[in-house]
Amino acid sequence: MLTTGCSLLRPEPQIVTVTNTVKTTVPIVAHPKKVQLNDVKIYVVSKENYEEFVKEYEAKNGADAYIAISVKDYENLSLNFAELRRYIEQQKQIIVYYENAVKPEEESKETK
Amino acid sequence: MFSSIRIALILVLLAGAGGAVLYVKKLQSDLETARANVAKMEVAVQTSENSLKLVQAETLKLAELNKNLSADLQKAEQYGDELRATLQKHNLTHLANKKPGLIEKRMQNATNKLWDDLESITDPNANNGMQSTETGTADSNSN
């Protein structure tokens with residue numbers, strides 16, 4: 001009694017467990033509408049077809065003023081477009097990655 | 001004299017017995033609380049284990065998504081690589097000099113295809129996977 005007497009004054013502590021799961025819901029916004037590009041007519045002109053080109057061009061466009069681009073620059077333009085295309089594709093993939101990462105479990109399983 | 005001592009002894013015994021009863025009751029109460037605590041701890045451990053499983057599942061999911069993303073990012077490089085290879089393979093200046101009509105047609109087709117591809121990859125209604133790059137630079141003089 002004397003040795004355990006103090007325990008009478010000190011009750012067994014109550015354990016309180018609180019489980020609170022908070023999952024952030026990020027709404028997925030709609031993607032922008034697709035690009036709408038205009039047609040571009042390309043003329044390849046060399047000594048072989050220069051005369052023919054001038055006649056045809058003038059008849060079609062009513063003038064003989066045009067913007068010329070060298071073959072090398074055309075190649076550079078193509079490579080620049082390829083770079084832009086790569087960037088768009090990769091950016092789109094990263095957006096899809098984040099969308100899948102924040103999607104609820106059931107929904108993301110369905111899309112697999 | 002003796003009766004006073006007896007009374008005192010009886011009182012001490014009664015007090016002792018009363019104290020013992022109270023002590024046992026306290027022990028029983030503590031035992032109940034301890035049992036309840038054990039049950040709660042078991043629930044807490046279970047919750048922790050479930051949380052850990054959830055974290056592990058999330059980690060696996062993110063690893064899988066990361067793997068897919070890396071593959072898709074790599075795939076997006078394909079068009080540019082193919083185009084560079086095509087441009088290195090052919091001497092466009094020479095071909096344009098010799099066969100301007102043929103090259104014009106091919107450049108026009110490749111350019112039209114590029115516009116179509118750009119419209120397709122930016123279409124939100126298209127599927128999420130990247131569009132095929134297989135035909136991206138199939139034309140030997142593509143844009």
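## Two chains in contact

Buried residues make up 8% of the 112 residues in chain A. Here, buried means that 20 or more other C-beta atoms, placed from the backbone, lie within 10 Å of the residue's own. This is a predicted model, where local features need pLDDT of at least 70, side-chain atom pairs count only at pLDDT 80 or more, and totals for chains, interfaces and linings use all residues. Residues are numbered from 1 along each chain as its sequence is written, while chains are lettered from A and ligands numbered from 1 in the order in which they are written.

**Chain A**
- Chain A has 4 helices and 0 strands; these are DSSP runs, with helices being H or I of at least four residues and strands E of at least two, numbered from the N terminus.
- Along the sequence, the pattern of chain A reads α-α-α-α.

**Where the chains touch**
- Chain B puts 47 residues into the contact, and chain A puts in 42 residues.
- Residues are in contact if their C-beta atoms, placed from the backbone, lie within 7 Å.
- On the chain B side, H1 (2-75), H2 (78-89), H3 and H4 each supply at least two residues.
- H1(B) gives the most to that side, with 17 residues.

**The nonpolar core**
- The largest nonpolar core has 7 residues, among them A:Val44, B:Ala96 and B:Ile103.
- Such a core is a set of buried Ala, Val, Leu, Ile, Met, Phe, Trp, Tyr and Cys residues joined through C-beta atoms within 7 Å.
- H4(B) gives the most to this core, with 4 residues.
- Beyond its neighbours within four places in sequence, B:Ala96 is in contact with A:Val44, A:Ser46, A:Val71 and B:Ile103.

Note on methods:
Buried ≥ 20, exposed ≤ 12 C-beta atoms within 10 Å, placed from the backbone. Contact = placed C-beta atoms within 7 Å.
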